[in-house]
Amino acid sequence: MDDKNGIIADFQAITGIDNAGEALMHLSNFDWDLLAAVQHVTPKHTQHLPSEGRSTQLNAPTVMIADDFRGMIASTSNQTHRLITIEIEQNGHIIATIIVNDSSTIDDLKTMVYAETNIPCCLQNFNGWPNNQHPSNKDTLSKLNLPDRFKLNLNSGDEDLNQELNGRANLRMFTLNITMEATTSSEYQVYKLSFSSDQTVAQVKEVVANLTKLPISNQQWLGWPHFVTPATTLEESHINYPVHDFKLKPSNSILKHTRRRYNTRLNSAVDMETSDSPMPSSSTSSSSTSSSSSEEDPFEDAAESLSGIDDDDDDVDTMFMDTEAPTRIRPLIAEDTEDELAGVIQFIDEFQNRYGDMRPQFFLGTLDQAIKIACFKPARDKRLLAVYLHHDRSVLSNVFCTQLLCFESVVQYLNTNFLVWGWDMTHPSNRNRILQSASLSLGAMAEITLRAIDINRLPALVLFTRNRSNTEILSVINGDCNISELLSSLINAQEMFAIQQQVEIKEEGERNMREMIKVEQDEAYQQSLAIDRAKEETKRVQEMEEKAIRSQIESQERQIAAEKEAIRQRIVASLPAEPEPGDQVAKIRFRLPLGKFLERRFLASDNLQVLFDYLYINGFSQEEFKVISSWPRRDLTTLGVTQTMKELNLYPQETLTLEER
């Protein structure tokens, strides 16, 4: 029994479950295996820790209350408590009879009902309490003045749960990697917790408080956007989905002590001004305090022995006063500066006058010009843009500038890796100007982020980058950090940017290669198109020339044909008629080139020209054909045309052959 009590105590200490009955249920379910039970109630993807009282398991296995636990209840009741018998009724039927002592809570009763009915505790809703009471889960039965035996009606609430589960079905799950920084009493730990998108910042911090035993008031987070409030849900917080990284550490008590000393100093200054005493300037204040030296903390010159300052009072953590501290110094940017560039020039000059030459090289130009020079360049030439926001009424400003921002290592790292742009938000008009400029140059989200930075945490360095045509806020570094945290934040931001930059360089190289290939392809296409067009033009010109030649030839042919036809008509008109057979008539037969024959009669006295005219009107001119006699073989076209048929021995008959020349 003592071993199990020890296991229960260890289980409650690890998981933060205060309800002993619930702890007993989980341990019994895993046969008192402490490690298995702890892993079960804190799985990687659970939405709530068991201490939140929201773990619901509809298909939970049967759990029996250990006998020694019943014995423990019984033995205790025999000493100081009485036993109560409760009949559990559901839908008109008694489903369980529970005997419990009146020192048990409603949670214990639900655990025992769960052991008997397998109805999860979160689904149990009891009606019919005596005297119309409505107890909470933490109330003990002894407070309710219950009879020794009574009946309760159990409503399992399945329908309400189903509606809730259906409503949660569409919720996104965020995985939060929370790194708990090492302290003097423990090493650093990494917690990987899952939350639904409807969980609030306050609920997350409550879960972490139960898990780490670090109260919410002592939690100092790095990673939340600066516009979130405790009521902001994870969906509304704009953190990275599905995984977001946080750093968590206990709040810095030294910083609070510094703030108290600063407030003491401000109170003393206000008292001095009220009493018409001259106010020492910032350059002589340290020398006027006899108990401090030039090498001491700049706030040590405040009178530590002044009465009325309680170090344990939370009100002394206030970092700003309603009236401006009489520092007697010129503002970094004058009030109602009309031109942004003029304000930047004044900021750089005054910042150097205050803090010396060891300072970041602030960009001399407007915010819009700064973002273009830092981010609107090829990936290899891009840089992070660090926007420094100053506020003279912040207790952190002087310490941050002198000991952090102008620290040699910080200056060198900023000048090497960042483009730094500065602005003073002390005056409301200047604050409104930078918010408007941020909205125009960086987008609405940048304006929201800058507007949401708590004035109590200024000054701040806001790190911007540009990723895939979108301007993003990479980090916000507030003034309440130390030198190691500042350098670590800058280095982490630069490393993240370097990884992103390498990806962009690769993508840009691939894009340029694709563009180059495309240009080459376009050039090749244009060249091919030009060649095709030249060929088409040449072909067109050639066709036009051929067409002109054909037209000319056809014209010539038509002219020749017309001339031939005219000659033919003239010959036809002058050609004598074919004589009838008889004496002095020569019968001439013509063998044509294709094997055909022509035959005609001529007078023996007709000269050779009549024969040629006959052949001409039948398409056989002397220019194209030779007329050959068979014996003796001779070409008649070479003879004189005045010779007669008889003289040429073509009488009385002859066969002549036509041959193409």
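The briefing starts with confidence and overall composition and then turns to selected local features.

This is a predicted model, in which local features need pLDDT of at least 70 and side-chain atom pairs count only at pLDDT 80 or more, whereas totals for chains, interfaces and linings use all residues. Residues are numbered from 1 along each chain as its sequence is written, and side-chain values use heavy atoms, with hydrogens and water left out.

**Confidence**
- The mean pLDDT of the chain (the predictor's confidence in each residue, from 0 to 100) is 76, and 78% of the residues reach 70 or more.
- Over residues 43–79 pLDDT stays under 50, and for this stretch the model has 73 contacts (heavy atoms within 4.5 Å) beyond four places in sequence.
- Residues 253–327 also have pLDDT under 50 throughout, with 75 contacts beyond four places in sequence.

**Overall composition**
- The chain has 16 helices and 17 strands, which are DSSP runs (H or I, at least four residues, for helices; E, at least two, for strands) numbered from the N terminus.
- Of the 661 residues in the chain, 41% are buried, where buried means under 20% relative accessible area, exposed over 50% and partly exposed in between (1.4 Å probe, protein chains only).
- Among contacts between residues at least 6 apart in sequence, 65% join residues at least 24 apart.

**Isoleucine 98**
- Isoleucine 98 lies in strand S2, residues 93–101, and counts as buried because its relative accessibility is 2%.
- Not counting residues up to four places away in sequence, isoleucine 98 touches Ile84, Thr85, Ile86, Ile88, Leu109, Met112, Val113 and Glu116.
- The C-alpha atoms of isoleucine 98 and glutamate 87 are separated by 6.3 Å, although these residues are 11 apart along the chain.

**The S13–S14 hairpin**
- Strand S13 (residues 585–591) runs antiparallel to S14 and is joined to S14 by seven bridges, strands being paired if DSSP finds at least two bridges between them.
- Five residues separate the two strands of this hairpin, and glycine 595 in the turn has a positive phi of about 90 degrees.
- In a regular strand the side chains alternate between the two faces of the sheet.
- In S14 (residues 597–603), Leu598, Arg600 and Phe602 make up the covered face, while Phe597, Glu599, Arg601 and Leu603 make up the uncovered one.
- Phenylalanine 602 in S14 stands opposite alanine 586.

**Leucine 364**
- Leucine 364 is found in the loop between helix H9 (340–355) and helix H10 (367–375).
- Leucine 364 counts as exposed because its relative accessibility is 53%.
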